[in-house]
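Keep the sequence at hand as you read.

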Amino acid sequence: VPMVAPGNVQVHVINSTLAKVHWDPVPLKSVRGHLQGYKVYYWKVQSLSRRSRRHIEKKILTFRGNKTFGMLPGLEPYSSYKLNVRVVNGKGEGPASPDKVFRTPEGVPSSPSFLKITNPTLDSLTLEWGSPTHPNGVLTSYTLKFQPINNTHELGPLVEIRIPANESSLILKNLNYSTRYKFYFNAQTSVGSGSQITEEAVTIMDE
């Protein structure tokens with residue numbers, strides 16, 4: 001098997017889900033056989049928005065021939081990763097380069113995990129929601145938009161409310177009685193807005 005690990009391993013993080021890795025080729029003598037390529041082993045160490053450490057699953061990408069760089073797609077935003085590189089000949093793999101640590105930046109969050117509308121009165125509705133399953137960063141706020149829908153399914157004027165990230169419920173007051181409303185709800189990180197969840201609810205006709 002090859003005797004030497006690739007040197008000077010460098011990681012260039014391109015965005016929250018993609019990184020490029022470079023390495024110096026090993027001397028051909030040290031390959032001790034036919035150079036088949038290089039293997040990059042990489043794995044997520046932890047999510048930076050959740051401190052939980054899960055079972056670590058190593059991923060392997062093979063780059064054929066004498067390539068000295070490769071792309072790592074499909075990374076998770078706002079996470080800490082490690083990687084190393086090994087050279088491969090017909091017999092097997094050489095030693096691993098020292099582990100290199102890199103971090104992906106924040107991305108936009110997934111949609112809130114649920115939006116529930118309860119306690120209808122003549123002029124109010126109570127909204128409850130769950131934070132996104134994948135925050136992909138530090139949540140900065142939620143945005144709620146809502147508008148009335150009339151009997152001919154035309155949409156009325158849209159109202160927008162910004163809600164602090166640590167809130168999980170809101171009572172909407174001063175609504176029209178016996179009116180159907182449509183709600184659009186999403187979360188934000190410093191990078192931008194995630195996908196929205198929609199829901200409809202009706203205020204009651206009379207007490």
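**Strands and their partners**

Six bridges join strand β3 to strand β4 (residues 59–64), and the two run antiparallel. Strands here are DSSP runs of E with at least two residues, numbered from the N terminus. Two strands pair if DSSP finds at least two bridges between them. This is a predicted model, in which local features need pLDDT of at least 70, side-chain atom pairs count only at pLDDT 80 or more, and totals for chains, interfaces and linings use all residues. Residues are numbered from 1 along each chain as its sequence is written, and side-chain values use heavy atoms, with hydrogens and water left out.

Y38 has F63 in β4 as its bridge partner. Strand β3 also pairs with strand β6 (residues 79–89). Here 11 bridges join the two, again antiparallel. L35 stands opposite N89 in β6.

How many of the 13 residues of β3 are buried? The count is 11, so strand β3 (residues 35–47) is largely enclosed by the rest of the structure. Buried means under 20% relative accessible area, exposed means over 50%, and partly exposed lies in between (1.4 Å probe, protein chains only).

Now turn to the open sheet. Three strands form it, in the order β1-β2-β5, with antiparallel pairing. Its edge strands are β1 (7–15) and β5 (69–72), and each pairs on one side only. Strands of a sheet pair through backbone hydrogen bonds. Four bridges join strand β2 (residues 18–24) to β5.

**Rings and charges**

The whole structure holds nine aromatic pairs. Rings of Phe, Tyr and Trp (its six-membered ring) pair if their centres lie within 6.5 Å; planes under 30 degrees apart count as stacked, over 60 as edge-to-face, and the rest as tilted. Take W23 and Y38. Their ring centres are 5.3 Å apart and their planes stand at 45°, so this pair is tilted. W23 lies in strand β2 and Y38 in strand β3, so the pair ties together parts that are 15 residues apart in sequence.

Are these two residues buried or exposed? W23 is buried, at 3% relative accessible area. Y38 is buried too, at 1%. Together with F63, W23 and Y38 form one aromatic cluster.

Finally, find two lysines. The charged end of K58 sits over the ring of W43, 4.1 Å from its centre. The charged end of K67 sits over the ring of F69, 4.9 Å from its centre. Such a charge must have NZ of Lys or CZ of Arg within 6 Å of the ring centre and within 35 degrees of the ring normal.
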